[in-house]
Structures are given as C-alpha cells and as structure tokens.
Amino acid sequence: MAKFNDKISSLINSQLPDFVVDDHPQFVQFLKTYYQFMESAMLQVTSIENTDGITLENETGLKDNLLLDGSKITSERTQQDQGDKIIYEDTVFGKFAVGETITGLTSKATATVLAEDLTNGKLYISAQDKFNKDEIIVGNDSNAQALINDYRPNPVSTIQDLTNFRDPDKVISNFLTKFRDEFLKTIPENLANGLDKRNLIKNIKSMYRLKGTQAGHELFFRILFNQVSETFYPRTQMLRVSDGQWDTQKVLRAVATVGDTTNLVGRTIKGSSSSATAIIESIKKFIIGNKEVSEFVLNISSMTGTFSIGEEITGTASDTDDFFIKANITGIPGLKTITNDGNLYATGDFLTVSGGGVGADIAISDIGSGPVSEIIIDNAGTGYSVGDKLVFDNTGTEGVNAEGFISVVNGGISG
C-alpha cells in the first residue's frame, strides 16, 4: 500500500495496466513527467552568475560582465547612469544544468534541477522545503550560483506537506517568518550568530515566563549577543541593621496535573497518601526544565502531618466547588556537583537524575569544549600519500587546533 507522502510519479508503472505500459511507453513517460512537475517546486532567483565571472568596463561607460560558461564567453551590459541592464537576445549567463544537484550554502539543503527558465529568474527543482530565503545556491556540476528570493512548492507537494507547516522544524522558510511575526514580535530580527530560529520559536514560551528574573536576563543576552550576562543586586552589598525579626517559611513545590494552582491561595490542600494538610498563603510559578513548577508558601500554624515527595495533593477553589485541583509534589534539590559530564549532549537536552528513592529532571543549558580522544574514519577515500596533512573544518563545532597527517596508506590513520 502506498504511503501518503509517496511520490505519484514513482507509482505510475505500478498503477497503469500492463498493456498501457508495454504498448504506450510515450504516454507513460508523459504521465511521469506531468506528475514530476506537479511534485516539483519553483525557486525565484536573482544575481545569477558563474563563479569564474569577469567584469570589464569599456570607454563608453557601459560595464560588460563577461561570464565563462564552459568554453563559451557571454556578456550582459549595464548602463551605469540609469542602472538599466541591456541583455542581448543570445546572452546566456550563470546557466544551471538540468539534472544536476544544487546545494544551499547556508541550509546545506540539496535538490535536483528539473528545468530552468533563467530569463525569468526561475528554477524548477525537486521539492525541498529546507532552502532558506536570501541564501545562495550553487550547482555541483556547473558551479553556477544564484540568490533565492522565493520558494513555491507545487500543488501535490503542498498538500502532502500541509501538516508539516504547523511545525517550526519542518515548515518552509517563507512560512517561518509567519511564526516569527506571531511568537517573536517583541524580539529583534537580528539575533546572535548561529542561533537556530526554529528552535527559538519552539522554546520562546519559556523565555516569556522568565521575564524579570535573573534567568530571563541571562537568556535574553544569550539570544541577542551570545554573551553570558551577570546580574548584580546592590542589596547583597548593603549593610543593614537587624531588628531581630526573622521569618521562616515552609515551602512546598509541585507540578500541576489538573486545574490552575493559583486558585488555591488561602485554601487547604491535602496529601493523598500522607493525609497531611496545610493552608496556602501564596503561590509562585516558574519553569524548571520543561515543566511549570508551582511553589507554595504554607501557613506553618495550619500544618498537620508531613507531606511526602511524589504524592498527589488536592484542593478546591471554594467551599462550594467540587472540582479538585491536583498537583504532584516534587523535591527541592540543593547544589549538585557533576563528576563525569559525559559527551555527545546537545543544548536543551533533558536528563533524569535518580537515586535515594526520588528523581529529578535537569536541562542542559550550555556545552563546553573537550579533547578528541579517538577518530573513526567511515570513508577513507583515495589518492592520499604518506605525509599528507589533514585539514579539519571546525565551523560550528567550537573545536580549535586540530591537526593530523597520513602515516599509513591502506592501513590506518593517526595524527
């Protein structure tokens, strides 16, 4: 059975009767070509040129752009005083080859060129929704380059990918701006280099909830400048005369499962297993990891019994309300020291800590660098000689000073 996202063009032979496939091959090819077009996408491109282009200026003030296309040199002429382009009818420039693979320099997305209409600035490609607007694409065979102005999928691929358009990880670049206008309206357009906007859109709710807090300020500076900020409170440096009045609070933290815990202020809560009770004086909410935690300040004089970590607490918003608001009690961990930080983690990953009969979730906020202890070569390649130096591309990896050379051919590599 065909899947929903299977390409129709690849199913033509299996769907047509055998006598049609055998006796009318041109008709079968026509259907395949038609559905390939319906499954394709269009790139609107500008600034089309070959990487080996040459620019010359003649005595008339007109600028000739000489572009090398294989063994052929062609030109376009630009009127400098008016900015108008005079393009000869037989001019061909920056030509992409049909059937070649194009690659986005920023997104690294790839697609196959199905047809080109560079006169009108259009490239028809196999559907690829990972291209970014305003990024440069390069032809792997022709070395032609162009700047993407727009990406438009055809009807079949649009319908197949419709459910993806609500997911920031899968939506096309054009629709991603709609997500930004909806969820990041108060955030500047220009953010820190290397920041993944798709990931930011998914997690921006946590930042909004942290507004006004130290964690919120730190996150804001990381997003805008990729800098670690330090929040200084003058009150910590002030000398204050004590009047001898001290306040000790009983605090309980829980994660709500049913209802809004803010409605429990002034109400009595009860532990389901311990049967402990207490009146809540105030409630504060904040985000820890991927969970919203409610912190209850309990009235000490009203407490009976002892609440247990992991048990469910219940309470109602009023004496006449029979709807129970429920939450599960969590622990309040102190400062922990990690002796083995492991590897291969990514920022935003969640880890579960267990032990002592209780558990906790922690989120990775930053990743540091470390040494490389081993390199495994998946594809050794060919044409190397003993003594050849290895060049490491550390872009986006935070790695530095990696060096190596070929010591053995047809054996192993060390460096």
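In the predicted model, S229 makes contact with H217, E218 and F221, once its neighbours within four places in sequence are left aside. The residue is located in the loop that runs between α7 (214-225) and β11. S229 counts as buried, because its relative accessibility is 17% and the limit for a buried residue is under 20%.

The secondary structure of the protein chain as a whole comprises 7 helices and 20 strands. The chain has 415 residues, of which 27% are buried. Among contacts in the chain with a separation of 6 or more, 48% are between residues 24 or more positions apart.

The mean pLDDT of the protein chain is 75, and 77% of the residues reach at least 70. Strand β12 has the highest confidence, at 92, whereas the lowest is found in strand β2 (residues 54-57), with a mean of 36. Over residues 51-93 the pLDDT stays under 50; for this stretch the model has 68 contacts beyond four places in sequence. Where pLDDT is low, predicted coordinates should not be read in detail.

Nonpolar side chains tend to be buried together in soluble globular proteins. In this model, the largest nonpolar core consists of 18 residues, and L43, F96, I102, L123, I125, F131 and I137 have the most contacts inside it. At least two residues of this core come from each of β1 (40-50), β7 (110-117), β8 (122-126) and β10 (144-153). Another core, of 14 residues, lies apart from the largest one and includes L252, A276, F307 and I313. Not counting residues up to four places away in sequence, L123 touches A41, M42, L43, F96, V113, A115, E116, L118 and I137.

The structure contains 4 salt bridges. One of them joins the side chains of D260 and K285, with an N to O distance of 2.8 Å. D260 is in the loop between β11 (250-258) and β12 (268-271), while K285 is in strand β13 (residues 277-288), so this pair ties together parts that are 25 residues apart in sequence. Both partners fall in the partly exposed class: D260 has a relative accessible area of 34%, and K285 has a relative accessibility of 33%. K285 also meets the side chain of E292 in a salt bridge, at 3.7 Å from N to O. E292 is likewise partly exposed, its relative accessible area being 31%.

A further salt bridge links K284 and E295, whose closest N and O atoms are 3.8 Å apart. K284 belongs to strand β13 and E295 to strand β14 (residues 291-298), so the pair connects parts that are 11 residues apart in sequence. The two residues fall in separate accessibility classes. K284 is partly exposed, with a relative accessible area of 48%, whereas E295 is buried, at 12%. K284 and E295 are also linked with R253 in a network of salt bridges.

On the surface, a nonpolar patch is formed by V372, I375, I377 and F392, which together have about 380 Å² of accessible area.

Towards the end of the description comes V408, which is found in the segment after β20 (404-405). V408 is partly exposed, with a relative accessible area of 41%. The C-alpha atoms of V408 and V386 are 6.0 Å apart in space, and the two residues are 22 residues apart in sequence.

Key:
Residues are numbered from 1 along each chain as its sequence is written. This is a predicted model: local features need pLDDT of at least 70, side-chain atom pairs count only at pLDDT 80 or more; totals for chains, interfaces and linings use all residues. Side-chain values use heavy atoms; hydrogens and water are left out. Patches are made of residues with over 30% relative accessible area and no salt bridge: like charges are joined within 9 Å, nonpolar side chains (Val, Leu, Ile, Met, Phe, Trp, Tyr) within 5 Å. Accessible areas come from the Shrake-Rupley method with a 1.4 Å probe; for residues, only the protein chains shown count as cover. A nonpolar core is a set of buried Ala, Val, Leu, Ile, Met, Phe, Trp, Tyr and Cys residues joined through side-chain atoms within 4.5 Å. Buried means under 20% relative accessible area, exposed over 50%, partly exposed in between (1.4 Å probe, protein chains only). Helices (H or I, at least four residues) and strands (E, at least two) are DSSP runs, numbered from the N terminus. Contact means heavy atoms within 4.5 Å. pLDDT is the predictor's confidence in each residue, from 0 to 100.
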